[in-house]
Amino acid sequence: MSIKSRILMSVAAFALAGASPALAQTEIQWWHALTGANNDVVVKLSEDFNASQKDYKVVPVYKGSYPDTLNAGIAAFRAGQAPHILQVFEVGTGTMMSAKGAIKPVHEMMKEAGEKFDPAAYLPAISGYYSTAKGEMLSMPFNSSSMVMWYNKDAFKKAGLDPEKPPKTWPETFEAAKKLKAAGYDKCGVSNAWAPWANIEQFGAWHNIALSTKVNGMAGADAVLNFNKSPAFLKHWTNLVELQKDKTYDYSGRTNNGEGRFTSGECPIFLTSSGFFGNVKANAKFDWANAAMPYYADVQGAPQNSIIGGASLWVMGGKKANEYKGVAKFFTFLSNVDRQVKLHTESGYLPITKAAYEKVKASGFYKDKPYLETPILELTNKAPTDNSKGLRYGSLVQIRDIWSEELEAALNGQKSPQAALDAAVDRGNQMLRQFERTAAR
């Protein structure tokens, strides 16, 4: 090889070496729990952000179900290998808030990174769930939803019901379910997914009934559950137990595994997340719509407002300033008005900012697709009260299982509705006291 060739190779190698640091990207790990079409949304958002700039690369990683992802994130933090961003469902909010040092509050990170951030820009019913009593947002809202009542319009017509006038109250809903059963839907008139979310958490908020002391746990970890003393809860559980006997109401499980009973046509009335929209649109072979959750008209103030479901993005602690700067830029990217409009109109998840909602509304979009506005109208139906702001309990994942067990015991005839409610509260309080002791260490 000639001297000239060696010199040229050396110069080229030096140039490449000098260019490498400038080309290096800071990688941002994002662990999430979304599958199917929702996973596609996560991947597309990451790709779009990565293409919009050259300094950071968001890498989405699916880690299993919501509980699995939460557990994986906690275990990884203890091992010193936590991701930068962890998607946590709303049930895990209390657990994450108590994890001092494990998280980097979003409001702090955004300020330190110099990113424009105004908590008032977000829909209050959403931001309030993830904020301190002072209004400081601890996590970034992402895939927010609420519970709505989906119904089969073709089935309504077959049963002689007006598909343009869905039932508003629980008595009307149960009456409609009986007519649907008589019309051939004998396996299920009405049902719901997420049993504790539907029949305890959302039920309490929608009827402005406290689940516990301490603003449903939002004002302190020493909250004491007490919803077993509510006549409305007893009435509702008693009705469900009675109607389960002939499947006018039919239980569909603790999670959303039973949602296919609606899209298959088996259950013509089904309460579940507004985030179910994508599946309904893709799989239902009948005309469908949704409406607000039913309520008992004799409960003063009902309906109040619903509470959110879905998940938010928590930033894990112990990362470098430059990495946090990348996360902050990604959160700014996610909050962009046009991006939120696109996410909402295509996925069915709620727009997290006021500006995005107003833009969609002004466009006339909801005139043809009113079902995408239903959860927003529920969330904003009335100004939230101490009973309807949300809930924040440690170990809520485990407490939900307890609540499901007790509801199942009532539906199976093993306990009276009141005994099941009493046990749900007593056992739940035991879990809260155990969590309180652990969190205080």
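Phe 117 lies in the loop between helix 5 (106-113) and helix 6 (124-127). The model is predicted. In this model Phe 117 is buried, with a relative accessible area of 19%; the cut-off for buried is under 20%. Leaving out residues up to four places away in sequence, Phe 117 touches Val 106, His 107, Met 110, Tyr 122, Met 137 and Met 140. Phe 49 is 68 residues from Phe 117 in sequence. In space, the two C-alpha atoms are 18 Å apart.

The largest nonpolar core holds 138 residues. Six of its members touch the most others: Phe 227, Phe 233, Trp 288, Phe 330, Phe 331 and Trp 403. Phe 233 has contacts with Asn 199, Ile 200, Phe 203, Gly 204, Ile 209, Leu 211, Phe 227 and Leu 421, its neighbours within four places in sequence being set aside.

Helix 11 (residues 231-244) packs against helix 8 (residues 170-182), the two axes coming within 12 Å. Their crossing angle is roughly 5 degrees. Helix 8 is therefore roughly parallel to helix 11, as the cut-off for that class is under 35 degrees. On the helix 8 side, the contact involves Trp 170, Phe 174 and Lys 178. On the helix 11 side, His 236, Asn 239, Leu 240 and Leu 243 take part. By class, the residues of this contact are 4 nonpolar, 2 polar and 1 charged.

Helix 11 also meets helix 19. Here the axes come within 9 Å and cross at roughly 50 degrees. The two helices are therefore oblique to each other. Helix 11 contributes Trp 237, Leu 240, Val 241 and Gln 244. Helix 19 contributes Trp 403, Glu 406, Leu 407, Ala 410 and Leu 411. This contact has 7 nonpolar residues, 1 polar and 1 charged. Leu 240 takes part in the contact with helix 8 and also in that with helix 19.

The whole structure contains 21 salt bridges. One of them joins Glu 90 and Arg 400, with an N to O distance of 3.3 Å. This pair links distant parts of the chain, 310 residues apart. Glu 90 sits in the loop between strand 3 (85-89) and helix 4 (93-97). Arg 400 belongs to helix 19 (residues 396-411). Both Glu 90 and Arg 400 are buried.

A second salt bridge lies within a single helix. Lys 44 pairs with Asp 48, the closest N and O atoms being 2.9 Å apart. Both residues lie in helix 2 (residues 36-52). They are 4 residues apart, about one turn of the helix. Lys 44 is partly exposed, at a relative accessible area of 43%. Asp 48 is likewise partly exposed, at 30%.

A further salt bridge connects Asp 250 with Lys 247, the closest N and O atoms being 3.2 Å apart. Asp 250 is buried, at 7% relative accessible area, whereas Lys 247 counts as partly exposed at 35%. The pair is part of a network in which salt bridges with shared partners join Lys 247, Asp 250, Arg 261 and Glu 266.

Notes:
Residues numbered from 1 in each chain as written. Predicted model: local features only at pLDDT ≥ 70, side-chain atom pairs only at ≥ 80, totals over all residues. Heavy atoms only, no water. Axes fitted to C-alpha atoms, helices over the stretch in contact; angles between N-to-C directions. Parallel < 35°, antiparallel > 145°, perpendicular 65-115°, else oblique. Contact = heavy atoms within 4.5 Å. Nonpolar A, V, L, I, M, F, W, Y, C, P; charged D, E, K, R; others polar. Core = buried A, V, L, I, M, F, W, Y, C linked by side-chain atoms within 4.5 Å. Buried < 20%, exposed > 50% of the residue type's maximum accessible area, 1.4 Å probe, protein only. Salt bridge = Lys/Arg side-chain N within 4 Å of Asp/Glu carboxyl O.
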